[in-house]
Amino acid sequence: MELAFRAAVVAWLAADATLAAGLNAIVEEAPLRTALPWLALTASASTDWSNKSGRGREIRVALELNYRGYEQLAEAGLIAAIEARMESLPADQSAAGFQIASLNFTKARAEQRGEALRVLVLEYRARVLAA
């Protein structure tokens, strides 16, 4: 379920016109040679969340936004668009073999790498059940 969830998240984010216009890539894993800004689903982990009637997983994912900016709020609008898109991920993912029971933001981490490279990591927790 973890791989199917990862694929659903990347596809859902990539299908958004605002994100597609504002980012040079929306991918699974960090791209090797892509101009900034880009967004990648760089990490995930899952644990059992099964119940009496079926299999389930609690899946944690980390989305990493890499961009250039000398000001902390340089990409505030883009960050808000990413958060809004994640919060609107449809619960019905039966075509992918699962149903999302809950999806919650857990934490964000921001850092500056190098002179003007900024990175924001957004982490989410999803609880999914096999369809």
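Student: How many bridges join S2 to S3?

Tutor: Two strands are said to pair if DSSP finds at least two bridges between them. Strands (E, at least two residues) and helices (H or I, at least four) are DSSP runs, numbered from the N terminus. Here ten bridges connect S2 with S3, and the two strands run antiparallel. Within this pairing, Ala40 is opposite Glu64 in S3. This is a predicted model, in which local features need pLDDT of at least 70 and side-chain atom pairs count only at pLDDT 80 or more, while totals for chains, interfaces and linings use all residues. Residues are numbered from 1 along each chain as its sequence is written, and side-chain values use heavy atoms, with hydrogens and water left out.

Student: In what sense do S1 and S2 pair, parallel or antiparallel?

Tutor: S1 and S2 pair in the parallel sense, over three bridges. Val27 has Ala40 in S2 as its bridge partner.

Student: What is the order of the strands in the open sheet?

Tutor: The six strands follow the order S1-S2-S3-S6-S5-S4, with mixed pairing. S1 (26-28) and S4 are at the edges with a single partner strand each, so one side of each lacks a neighbour in the sheet. As a general idea, side chains in a regular strand alternate between the two faces of the sheet.

Student: Which residues in the turns of the hairpins have a positive phi?

Tutor: In the hairpin of S4 and S5, four residues lie between the strands, and Gly97 in the turn has a positive phi of about 95 degrees. S4 (residues 92-93) and S5 (residues 98-113) are antiparallel and joined by two bridges: Asp92 is opposite Gln99, and Gln93 has Phe98 as its bridge partner. The hairpin of S5 and S6 has three residues between its strands, with Gly114 in the turn at a positive phi of about 75 degrees. S5 pairs with S6 (residues 117-130) in the antiparallel sense over 14 bridges, and Gln112 is opposite Arg118 in S6.

Student: At what angle do H1 and H3 pack?

Tutor: Axes are lines fitted to C-alpha atoms, for helices over the stretch in contact, and angles run from 0 to 180 degrees between N-to-C directions. H1 (residues 2-14) and H3 (residues 76-87) pack at about 125 degrees, with their axes 10 Å apart. That angle makes H1 oblique to H3, given that angles under 35 degrees count as roughly parallel, over 145 as roughly antiparallel, 65 to 115 as roughly perpendicular and the rest as oblique.

Student: Which residues of H1 and H3 meet?

Tutor: Contact means heavy atoms within 4.5 Å. Val9, Trp12 and Leu13 in H1 meet Ile82, Arg85 and Met86 in H3.

Student: Where in the structure do Glu28 and Arg6 lie?

Tutor: Side chains of opposite charge can pair when their charged atoms come close. A salt bridge is a side-chain nitrogen of Lys or Arg within 4 Å of a carboxyl oxygen of Asp or Glu. The side chains of Glu28 and Arg6 form such a salt bridge (2.4 Å, N to O). Glu28 lies in strand S1 and Arg6 in helix H1, so the pair ties together parts 22 residues apart in sequence. A search of the whole structure finds ten salt bridges.
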